[in-house]
Amino acid sequence: MNNFGDEMYSLMERLFPICRSLTGNGNRKTLNILKEYIPIDIKEEPSGKKVFDWEIPNEWNIKDAYVKDNNGVKVIDFKKNNLHLVGYSEPFEGEMNLKELNDHLFSLPDQPDLIPYVTSYYEKRWGFCLSDNQRKNLKEGIYEVKIDSTLEPGHLTYGELIINGKSDEEIFFSTYICHPSMANNELSGPVVTTFLADYILKSIEKPYYTYRFIFIPETIGSIVYISKHFKQLTKKVRAGYVITCIGDPGPFSYLKTRKEDQLVDRVSIHTLRHSKKKYKVYDFLARGSDERQYNAPGIDMPIGSLMRSKYGEYAEYHTSADNLNFVKPFSLLDSLNMYKSLINVFENNHIYKTTVLCEPQLGKRGLYPNISTKKTNEQVIDMMNIIAYCDGEKDLLWIAEKIDKPISSLSIIVDKLIDEGLLVWSD
Amino acid sequence: MNNFGDEMYSLMERLFPICRSLTGNGNRKTLNILKEYIPIDIKEEPSGKKVFDWEIPNEWNIKDAYVKDNNGVKVIDFKKNNLHLVGYSEPFEGEMNLKELNDHLFSLPDQPDLIPYVTSYYEKRWGFCLSDNQRKNLKEGIYEVKIDSTLEPGHLTYGELIINGKSDEEIFFSTYICHPSMANNELSGPVVTTFLADYILKSIEKPYYTYRFIFIPETIGSIVYISKHFKQLTKKVRAGYVITCIGDPGPFSYLKTRKEDQLVDRVSIHTLRHSKKKYKVYDFLARGSDERQYNAPGIDMPIGSLMRSKYGEYAEYHTSADNLNFVKPFSLLDSLNMYKSLINVFENNHIYKTTVLCEPQLGKRGLYPNISTKKTNEQVIDMMNIIAYCDGEKDLLWIAEKIDKPISSLSIIVDKLIDEGLLVWSD
Amino acid sequence: MNNFGDEMYSLMERLFPICRSLTGNGNRKTLNILKEYIPIDIKEEPSGKKVFDWEIPNEWNIKDAYVKDNNGVKVIDFKKNNLHLVGYSEPFEGEMNLKELNDHLFSLPDQPDLIPYVTSYYEKRWGFCLSDNQRKNLKEGIYEVKIDSTLEPGHLTYGELIINGKSDEEIFFSTYICHPSMANNELSGPVVTTFLADYILKSIEKPYYTYRFIFIPETIGSIVYISKHFKQLTKKVRAGYVITCIGDPGPFSYLKTRKEDQLVDRVSIHTLRHSKKKYKVYDFLARGSDERQYNAPGIDMPIGSLMRSKYGEYAEYHTSADNLNFVKPFSLLDSLNMYKSLINVFENNHIYKTTVLCEPQLGKRGLYPNISTKKTNEQVIDMMNIIAYCDGEKDLLWIAEKIDKPISSLSIIVDKLIDEGLLVWSD
């Protein structure tokens with residue numbers, strides 16, 4: 001048994017302490033660690049660049065941040081947990097009383113033990129996040145605030161890996177690298193994506209599809225990437241996923257594309273159904289990540305998202321409780337395997353056509369019993385059904401659904417029929 | 001609170017005593033009263049004119065009609081209730097015994113207190129209608145019958161009002177003015193239609209659609225009107241209603257178009273569903289009025305009918321019990337308001353397209369919170385959904401149905417996005 | 001009352017003893033008996049001829065076959081029941097012990113009283129079938145085996161009857177004549193088919209459709225026939241049936257075409273539903289006879305199969321229990337009548353179009369009551385519905401389904417409207 005679950009978990013442990021954001025050195029560091037595993041290209045785009053309706057923001061870097069009380073004790077300390085600082089906080093240094101400080105504090109009264117995750121990318125602001133319990137302990141007095149950050153023209157950094165297949169049709173995977181120390185959302189995403197890319201590189205000899213993997217900051221990153229590769233993505237991508245929230249032990253969740261009936265929707269639901277595992281299917285109305293950009297009108301990329309517990313649906317989401325205890329090696333492995341299954345379905349699903357009119361004579365090829373009996377065995381029935389329905393219009397997935405079998409169990413038969421010259425690709 | 005309910009009821013009280021039919025002075029009088037409210041054109045077509053498979057019948061006018069018994073007592077008297085006379089009765093004067101008279105009498109054994117409504121437009125005939133109780137009291141003896149009517153070449157009279165909109169695409173309303181003293185079927189129809197036209201004239205500044213209202217005798221009137229405006233109606237009418245049976249306190253009834261999935265069907269059912277009022281939906285198989293002509297093959301106008309208690313479905317229908325007690329000012333007002341809602345849906349429902357690729361940056365326009373939080377508010381979600389689904393193919397109604405909101409609640413958001421230059425009309 | 005049930009049963013009694021197979025004199029004899037009833041052409045194709053992926057096998061004829069025990073007693077005797085011999089057994093003569101003999105014996109442990117039906121068309125082999133009880137009684141010892149068969153180049157024989165209609169569009173019936181003594185599968189098939197063809201010849205004066213009937217050996221026969229008439233069949237056949245398993249008292253079974261929504265599927269299910277008889281509908285996945293070839297990709301003939309108890313679904317199937325006791329004259333008659341009903345639906349189902357715009361004036365033609373009443377009678381409603389929906393796009397069957405009436409009840413009205421010049425064919 002391989003130990004991919006543990007390996008992924010170890011990678012996540014390395015990445016966890018790094019403070020990532022839309023931009024900055026934390027992102028560069030993260031991508032460089034991933035590069036130890038798979039040959040990604042690390043690319044940059046400059047601040048201020050117009051991308052569709054947006055503009056790449058200034059680069060943000062952070063050295064230190066804290067709030068000290070009267071006695072010089074750090075009552076909030078970025079170094080203890082990078083969630084304590086509101087993301088993209090501008091540099092600040094000053095003293096103030098508790099009332100003034102409170103205008104800059106964020107906490108969750110309903111989850112009083114947890115530090116919330118808050119950002120302010122496009123409005124200049126500074127702030128601190130802390131647990132509501134901690135906040136209630138703050139006493140009247142003068143506080144010293146220091147945020148040693150920089151927010152200046154720089155770059156947005158992202159990673160890209162393209163694995164060429166026989167076809168220039170693409171399967172597309174997008175994951176994000178812009179959250180500080182949170183494990184399920186987000187680190188499970190880049191970690192599983194990395195190992196999935198590695199699987200294709202090492203285990204699929206000559207893939208049919210070209211596989212594109214990108215590691216970007218959410219929203220602005222996908223907008224940058226789409227604007228840069230508009231023609232290629234809108235013309236060549238046949239299916240894809242946003243990979244996120246994929247490391248917790250919850251059941252799988254599949255979020256459909258905007259059009260709801262695309263190849264990726266059919267493949268995902270088919271595969272989940274035949275996996276015998278628990279899963280939920282969400283409508284595009286429940287979307288929340290980069291599928292928003294990929295599926296936008298005029299872009300129309302057929303991108304879904306396979307998660308475990310969906311963002312917004314688990315209590316730990318966007319808090320300090322989304323930590324390394326919340327994700328499990330076993331779940332990471334299970335998720336990686338599910339994505340491998342999906343890839344195998346894409347690779348095996350084609351439109352086939354029989355090469356002969358009427359049924360072929362299977363008996364002379366040793367594929368059909370040469371003596372009649374009252375019952376025909378199941379594999380022969382599957383073969384006859386494949387032959388009957390491979391009409392050059394329906395894909396193998398359609399046939400698998402029709403006869404209610406996993407497509408994986410039909411691929412072997414298809415290969416046999418191709419070898420016999422009885423089936424050919426029609427797509 | 002306005003008093004449209006009472007005003008409509010008063011108008012109905014004025015119109016109630018008039019004896020209307022397919023043709024004749026009662027129809028002229030009715031239209032002239034409506035003209036006091038809205039600027040309808042009163043038009044005429046001559047008897048004998050061929051219209052498709054039909055011919056406009058002679059004009060019928062009636063001064064008096066009665067049956068007197070042995071003692072010269074009027075036992076049936078048109079002047080007491082114009083339902084007593086079979087519609088389009090030819091002139092007649094004569095004496096006869098009860099047996100002979102009985103061949104010309106109509107009553108309802110199952111509803112023995114009520115006078116039925118009977119007509120014989122296309123077969124020359126005369127007759128009287130009376131309650132079954134009254135009929136049973138008629139004794140053997142000689143009766144004197146007099147029908148002082150004329151049935152001669154003349155005209156068919158109808159009213160028309162066209163309110164021009166920005167577009168030459170039309171919303172079409174048809175109501176009928178050919179029944180004698182009955183309140184729900186028919187007077188509620190022309191009365192609500194009149195006030196609806198008045199509403200558009202006074203309250204919708206620059207309507208998108210052109211609105212056409214016609215006041216016609218049933219069947220022959222719609223055939224005359226279609227034959228005269230064939231090209232315009234079949235090319236330009238986008239939706240419409242036959243307005244009838246709209247004044248009683250029963251729940252709403254919507255009768256679908258022949259094709260069942262037209263814009264008017266979608267708009268009507270959406271609006272009824274979100275009204276939180278009770279309603280029933282009928283298939284076109286339950287049709288019975290001029291929608292029969294409008295939806296006929298080759299005409300194919302997408303015309304439904306929004307009623308309250310549908311003709312044929314309430315006991316008072318086509319009897320003397322369909323009187324001023326059966327309709328209520330409140331119901332008339334409620335019906336008028338429902339039709340106003342429908343018009344507002346038509347006016348607001350268009351196909352929109354986003355002007356930018358990917359999601360627009362709403363934050364810089366103050367349309368999106370500039371700080372991240374765990375939950376997004378509902379109006380922002382609606383806005384994001386409108387942006388995600390406005391793909392230049394689906395209309396706003398489709399989106400409203402998709403997100404299960406009344407379209408009225410989305411129009412404000414659409415207007416805001418249009419103002420920001422983020423949405424444009426695509427139809 | 002006619003006695004077609006008894007007549008069909010008698011014909012079956014004559015055909016039952018004949019030993020049919022893919023080829024041979026039994027088939028010729030069978031077809032010659034059918035020719036006494038209907039004017040079929042008997043045709044032949046030579047052994048060795050290539051047909052698509054297949055080759056016509058050698059002709060098989062059988063004079064005698066038996067197994068004798070030590071004492072010269074025939075313990076298995078083809079002359080007692082032709083199922084005792086494996087179909088297409090090659091000639092053989094020799095002695096062997098029980099163990100060696102057993103390699104050539106077939107029996108059914110689960111149905112120990114019955115002789116199974118076994119064939120080996122495409123693999124040279126010989127064998128005997130017997131009941132499992134009989135087999136258990138065979139004692140150790142030397143057995144004498146004799147199979148006096150020939151398996152040599154010859155012909156494949158089939159029958160064909162074409163009844164020309166006004167149109168060159170075809171309704172196609174296929175039945176098979178390749179099973180030895182079994183009654184439901186197969187003799188009910190050719191027997192009912194023969195009487196159905198006779199019905200069309202004698203009772204339908206000028207059929208609209210051209211009717212094609214073929215009597216073939218299963219699989220190889222349909223492949224031969226399709227390959228010979230490829231263009232005609234794939235272009236002109238509008239609907240059709242494989243007729244088999246149609247003589248037992250079980251409820252009807254309809255097996256759908258591959259595409260599942262063809263005219264024949266709609267007609268069959270409509271007719272069964274309105275017959276008030278019990279029936280089952282099977283998906284194409286349950287197929288098992290020549291519909292496999294007719295519906296194959298590239299052939300795409302819309303052929304279903306109306307059976308009673310479907311092959312493989314009844315215990316007597318492919319055993320000596322599928323005998324003359326299993327089929328009933330009444331069931332044969334009932335089946336014949338159902339096929340007659342189907343033909344009548346095909347003949348009456350066309351796309352019609354009204355000749356006038358708006359509703360025609362039916363009153364002047366005596367087709368509509370000339371006095372108004374509260375209720376309209378049902379036949380008038382049907383007429384109005386036919387007029388409303390005959391739009392030149394939907395066929396009469398669509399309308400019958402829409403108003404939930406048997407199409408047979410509408411044909412009379414359609415004929416009346418055609419006579420009045422109000423409807424015309426549009427297909």
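Select B:I220, B:G221, B:S222, B:I223, B:V224, B:Y225 and B:I226: these are the buried residues of α6(B). A residue is buried if 20 or more other C-beta atoms lie within 10 Å of its own, exposed if 12 or fewer, and partly exposed in between, with C-beta atoms placed from the backbone. Helix α6 of chain B spans residues 220-228 and is mostly covered, with 7 of its 9 residues buried. Helices (H or I, at least four residues) and strands (E, at least two) are DSSP runs, numbered from the N terminus.

This is a predicted model, in which local features need pLDDT of at least 70 and side-chain atom pairs count only at pLDDT 80 or more, while totals for chains, interfaces and linings use all residues. Residues are numbered from 1 along each chain as its sequence is written, and chains are lettered from A and ligands numbered from 1 in the order in which they are written.

The contact takes 20 residues from chain B and 20 residues from chain C, where two residues are in contact if their C-beta atoms, placed from the backbone, lie within 7 Å. On the side of chain B that touches chain C, the elements giving two or more residues are α6 and α9 (291-294) of chain B. By class, that side of chain B has 11 nonpolar, 5 polar and 4 charged residues. Ala, Val, Leu, Ile, Met, Phe, Trp, Tyr, Cys and Pro count as nonpolar, Asp, Glu, Lys and Arg as charged, and the others, Gly among them, as polar.

Next, go to B:D300, in the loop between α9 and β16 (303-307) of chain B. Its phi is near 55°, a positive value in a residue other than glycine. B:D300 counts as partly exposed because it has 17 C-beta neighbours inside 10 Å.

Move to C:T219, in the loop between β12 (210-216) and α6 (220-228) of chain C. Is C:T219 buried or exposed? C:T219 is buried, with 20 other C-beta atoms within 10 Å. C:T219 also has a positive phi, of about 60°, although it is not a glycine.

Now show chains A and C. The contact takes 20 residues from chain A and 19 residues from chain C. On the side of chain A that touches chain C, β17 (351-354), α11 (378-389) and β18 (391-395) of chain A each supply at least two residues. That side of chain A has 8 nonpolar, 7 polar and 5 charged residues.

Superpose the copies, by least squares on the C-alpha atoms of residues with pLDDT of at least 70 in both. A rotation of 120° with 0.0 Å of shift along its axis places chain A on chain C, at RMSD 0.1 Å. That is the relation of a three-fold axis. Of the residues of chain A, A:D261 comes closest to the rotation axis, at 13 Å (C-alpha).

Color chain A by domain, with bounds from an automatic or database domain assignment: domain 1 (4-57 + 155-348), domain 2 (59-152) and domain 3 (351-425). The C-alpha centres of domain 2 and domain 3 of chain A lie 65 Å apart.

Finish at A:V192. Leaving aside its neighbours within four places in sequence, A:V192 is in contact with A:M8, A:I243, A:I246, A:L332, A:S335, A:L336 and A:Y339.
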